[in-house]
Amino acid sequence: MTKRTQQTKAPARDAPRVQLPAKIATASQQQAESTKTHPHENLDRASRAAVAYMSAGVSPHAFIEAWSDWAQHLAQAPGRQLELAERAQENMTRLLGQSLSPNSDAQSAFVPKAYDHRFRHPGWEKPPFRNMQQGFLAVQDWWDYATDHLRGLRPEDAERTRFMARQMLDLLSPSNFPALNPEIIEETRKSSGKNLAEGAHNFIHDFVSTVAQVHEPAPEGFQIGKDLACTPGEVVFRNDLFELIQYAPQTDKVQAEPILIVPAWIMKYYILDLSPHNSMVKYLVDQGFTVFMISWCNPTADQADLSLEDYRERGVIAALDAVNAIVPERKVHAVGYCLGGTILAIAAATMARDNDERLASISLMAAQVDFAEAGELLLFLDESQIAFLEDMMWEKGYLDRPQMARAFSAIRSEDLIYSRAVRRYYLGKEELPTDMGVWVSDTTRMPARMHSEYLRGLFLENRLTAGRFAINGRVIALKDISAPIFAVGTETDHIAPWKSVYKTQLFTDSDMTFVLTSGGHNSGIINEPKLARGHHRMSRRTAGAFYVGPEAWVAQNTPQPGSWWPAWTSWLEEKSSGVVPAPSIGAPDRGLVPIVAAPGTYVHQT
């Protein structure tokens, strides 16, 4: 047992720091050097932080630059201007033709996008509401066309402009106004206005909770440790960064190689241990696996100096050391979800470089290693935006929960913001609690230094796949990984787009099985077999095989009905060495005594 694993409490600031070359210095080092030459730098940072709070953490520079770039190139493109005029004329003609048609049941000229649920009420199919809906969709169609690729325009500015245009249109949608929404009018008439009174009560409650940042307790039937995150187990190791949970075996014999799950630290771990019927942890334990789970802490201002290296060394590697102590002389199946998969890939590449062969396999679920196509979260990520976020975190020591929630909600604002607001504030409907909904609202904070390093080193500069990501002063490479990989992407993922996840095949050479499953970032991963929903595609790439592009891969692999979990557990069994008696909980002779029953204490931190 190493000295690191025996340690149960250590201040984050005393952790070993990475010695990086000058060209890839950390953000904290760069800021320290800047302050030496600019003594009033802190005044600038305080000013930017104040602006950042007013702009919800979005840099105004990003707005100005995108609109300016788009407008200037459009002004120099008379051909595109003519196309836009023709598009507007065409859309107007289609609208007039539909409104003047005597056949009210005729097919709509414009249809909402597949994920847009605002116009599902049948009242939107009757005039005058149909005319308003069609007019809105016609304008939306025009803006989508106007922000399409334009020669000379930076692609990211075109995407930014489209995103901002969509945000403005979503705000002005007729579905957001009580007098223009047939569903609100119908409900108001039926309830004699009771829905508006209840909606006002909901609004006041949400406003006060948001301003005061009150953490709402879990509703009845969704208590953490009782209804959710309730798979039996014990916390067998704890330091200031995480608790390690070992789950109790449910079979007499288990696979010899244990599983260590590394969840994202951006949310609580129990997305993988929700209700008993859809818990991935429970499913694995029932299938005869010994499962360990990292439960990250919810950082405070005192942990502002936690680094990305801390999450690797004192997080992933410390957990692996503890698992090896409890299940000695066995390799480990490592599983990473979302950001947890990214840090796991970094840890695995470092272990490969250092000839550490403790991993039996690596499973990466909705996890990116290359961030060139990282989806809409990358839209406004530039130097100005990161500086804004850094200055927000500089004051508090962390990125707070509201900023994280707003960023994810804005990606699908028409559903996650406006449709929710209409239901809650105009229709007066309380949201029925769900296990996934409770988890989504249970957000966490991001320590300032780690989040800055993550955004700069991975998202902005894409160092990991560019050969510029150093650990202990030496660059690591994903192609050094020899352990077999099981990677999962989800079809409608807007956080880790599946084509970005698929690029793991481009930067690794080991044996890899890739799965593309239906659903989104969370729903595609939490896909219990008993529900028998959705589909998935799966194929294996042998070590050293030629690369196949994502479109060609989809064409070559037909969808298979149902969950991908059974295929994954079969794959894990193939990579295991057989069954053995279930190990005991913890390793008292090595200092790993059970501390507290699962789900532990860190999961309750608010």
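**Notebook: a surface patch, a helix and ring pairs**

I looked up Val 208 and found it partly exposed, with a relative accessible area of 47% (buried is under 20%, exposed over 50%, partly exposed in between, with a 1.4 Å probe and protein chains only). The model is predicted: local features need pLDDT of at least 70, side-chain atom pairs count only at pLDDT 80 or more, and totals for chains, interfaces and linings use all residues. Residues are numbered from 1 along each chain as its sequence is written, and side-chain values use heavy atoms, with hydrogens and water left out.

I placed Val 208 in helix H9 (residues 194-212); helices are DSSP runs of H or I with at least four residues, numbered from the N terminus. Val 208 forms a nonpolar surface patch with Phe 203, Ile 204, Phe 207 and Val 211, with about 520 Å² of accessible area together. Such patches take residues with over 30% relative accessible area and no salt bridge, with nonpolar side chains joined within 5 Å; a salt bridge is a side-chain nitrogen of Lys or Arg within 4 Å of a carboxyl oxygen of Asp or Glu.

I then counted aromatic pairs and noted 28 in the structure. Rings of Phe, Tyr and Trp (its six-membered ring) pair if their centres lie within 6.5 Å; planes under 30 degrees apart are stacked, over 60 edge-to-face, and the rest tilted. Trp 124 and Phe 129 have ring centres 6.4 Å apart and planes at 80 degrees, so I recorded the pair as edge-to-face. Both Trp 124 and Phe 129 are buried.

Note on methods: Patch = residues over 30% accessible without salt bridge, like charges linked within 9 Å, V, L, I, M, F, W, Y side chains within 5 Å. Areas by Shrake-Rupley, 256 points an atom, 1.4 Å probe, with all protein chains shown as cover. Helix = DSSP H or I, 4+ residues; strand = E, 2+ residues; numbered from the N terminus.
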